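Here is a short report on a ligand site and on charged side-chain pairs. Keep the structure open while reading.

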Amino acid sequence: MAQKNIVIVGAGFAGVYATKRLAKHFKRDKDVTITLIDRHSYFTYMTELHEVAADRVPEDAIQYDLQRLFCRRKNVKLVTDTVTTIDRANKLVKTKHGAYPYDYVMLGIGSEPNDFGTPGVKEHGFTLGSWEHAVQLKEHIKDVVRRGAIEHDPAKRKALLSIVVVGSGFTGTETIGELRDWRDTLAKESKLDPEEISFALMEMAPTIMNMLDRSDADKAERYLLKRGVKVMKNTGVVGVHDDHVDLKDGSTYPTATLIWTAGVKATDQAKNFGLTQAHAGRIVVDETMASKDDKNIYVVGDVSFFDGHSDRGEPQIVQGAEASAHTALVNIENAMAGKPADVAYKASYSGFMVSLGSKYGVANIMGWLHLSGFFAMLMKHLVNMLYFLQNYSGYYFFQYMMHEFFRTRNDRNIMRGHISRQGNVLWTLPARLYLGAMWLVDVSHKISGDASWFLPKLRLPFDWLMPAATSGASAAGADATSAASGAAETTTTAAKAVFSLSYEYGKEPMMVFDKMPSWMYSITKAMIPNQDVAFFMQRTMTVVELLIGLALVAGLFTFVCGGVSAMFTMIFCLSGMFYWTNMWMIPVAIAVMNGSGRAFGLDKWVVPYLQKTFGKWWYGTPKALYDSDVVK
Ligand SMILES: Cc1cc2nc3c(=O)[nH]c(=O)nc-3n(C[C@H](O)[C@H](O)[C@H](O)COP(=O)(O)OP(=O)(O)OC[C@H]3O[C@@H](n4cnc5c(N)ncnc54)[C@H](O)[C@@H]3O)c2cc1C
């Protein structure tokens, strides 16, 4: 086939989804090039913008570098530039700095906040339609709270400490819920009474959250009210000033922070493409997601307008963006294979999840499962994590876990802070050294003298390895260091056996398991079926124990060594070879997995070096602008 170019404009939910799948589909086809153009070098996880705005997660937590997302896709060219127009006569996508030839274009440039021309929103209000908006809002709120805390004029102080969100859709309710979550930290930083910071949600309609079932919306409303948020229904905002807003009923409301989330429209540039636009500037497409004006231009996500199911178009949500991208990409694949490009868009929305801060949310799954509180939040996190798996990004899956669960601040996670703490690894240094020393002491018995595990004496006390006369003897009571070479020795020494540094209390130490659980028995028997394997295993185990001990003392690969230590200890317990007095090893081994090798250990240098080297090899060197073939 002759060289074909697919140009995808916009690396949002729709664009990234389509690029991943097209790249996979054409991975063996050297003649197909996929060019992904975005004005940013990263994908913005738009649905979590409010988390940045309310300082729950670090600013870069919702920026996913495109090079990292597409590093293993050699057929994808990444371009960081702003698309200005499409030259349909010459089949070129034009950007500020170049032009890119295309056979098919997929336009997914998203949407932006719509203030419906309300006076003052642009000058004095805030919106939440991009990463930049989120950062700007966060800085503004920090600033007004600091200023409010030292303001003596009561009216000015009230306006500075009053936060108003207009619009009760996804963006509005998630934003007010998240900001309310931030309140106590904000107040503490400025030595304020938290009650002084007030929140109001204004909605023009007589009810809020009208995209949800009434029962879910009512639950959410009750939660907001309980948290002291003023829910103002039938309230239209008709003007915005720097210290108050004008309401439709002629009254005013004091605030220096008006966040406008009452509507979205197509990104302004949509008008530059010469394609038919409809309601809110969205570009009109047919059921195949191709523009009504040009069958080689597909339009997907928030910017597209398909009126097949509703005269208001499809909802501007992630599921809609991905479903439209899917329709378009299948049609592009068909067209390139010479088949009819007539696959029609199928709307399938599996539910809604709305968070009101880090600990509470409401969800409606598949129209019949209604969740609230912890379970709704859990569902939201699971869906978010699924996104990374769908897009084959283990790296960002890991980062998401860190930002949302394990490295959160001020108890702002689904577990109310219980699984997140940033401590000093120095405090686990003694535990690491002690654990390492324990392995070394244990190994010292196994590599020297008559008890050496390298001598041709069987040390593993399993009954199926014993000579026939005593093969029925239980393995119970035998331990890793003193298991004798024959069955008789095994049974007589078992009761007195000690493991490593364990000691006797005057009574015999108590075994964790007197004998192996039956499932463990079967697995062990399958893995160590005869004496040859047993000899090999006992020597290998000794070498591994030695390496773990040395590595722990030196602080090298402590995460892995801690994990392996915990795993070995559990296996010893289950094998009927371990005492309760040694059980400390499991929690200590888990504790040293906290990166304890970074305190007076080699991990301080080795881990960053490996991260850097491996990252460079796998993801390439990060850069702000990506190269591509460009027609000047
Ligand atoms: C705060 C907030 C909360 C939300 N919460 C939810 C939610 O809970 N659930 C839900 O389903 N939906 C939610 N949404 C809606 C959801 O984010 C959108 O439906 C989705 O992002 C649309 O995807 P898209 O690919 O069409 O556009 P986007 O994801 O917006 O991506 C558009 C991309 O195009 C790029 N771009 C724009 N113009 C140009 C240009 N001229 N040249 C180059 N690149 C350009 C942009 O940089 C951007 O990367 C929320 C939206 C916001 C703002």
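## Ligand contacts

In this predicted model, a polar backbone atom of Phe 13 lies 3.1 Å from an oxygen atom of the ligand. His 40 uses its side chain: a polar atom there is 3.4 Å from a ligand oxygen. Alone, the ligand would expose 1000 Å², and the protein buries 92% of that.

## The shell around the ligand

The largest share, 3 residues, is from α7. There are 29 residues around the ligand, and those that come nearest are Ala 14, Asp 38, Val 83, Asp 302 and Val 318. By class, 12 are nonpolar, 12 polar and 5 charged.

Domain 1 (4-112 + 266-355) and domain 2 (121-262) both supply shell residues, so the ligand lies between them.

## Salt bridges

The count is 24 salt bridges. One of them pairs Glu 404 with Arg 56, with the closest N and O atoms 3.0 Å apart. Glu 404 sits in helix α11 and Arg 56 in the loop between α2 and β4, so the pair ties together parts 348 residues apart in sequence. Glu 404 is buried, at 4% relative accessibility. Arg 56 is buried too, at 3%.

Glu 59 and Lys 138 also form a salt bridge, 2.9 Å from N to O. It links the loop between α2 and β4 to helix α5. Glu 59 is partly exposed at 26%, whereas Lys 138 is buried at 5%.

How values were computed. Residues numbered from 1 in each chain as written. Predicted model: local features only at pLDDT ≥ 70, side-chain atom pairs only at ≥ 80, totals over all residues. Heavy atoms only, no water. Near = heavy atom within 4 Å. Polar contact = N/O pair within 3.5 Å; in protein donor to acceptor, adjacent residues only side chain to side chain. Areas by Shrake-Rupley, 256 points an atom, 1.4 Å probe, with all protein chains shown as cover. Helix = DSSP H or I, 4+ residues; strand = E, 2+ residues; numbered from the N terminus. Nonpolar A, V, L, I, M, F, W, Y, C, P; charged D, E, K, R; others polar. Domains from an automatic or database assignment. Salt bridge = Lys/Arg side-chain N within 4 Å of Asp/Glu carboxyl O. Buried < 20%, exposed > 50% of the residue type's maximum accessible area, 1.4 Å probe, protein only.
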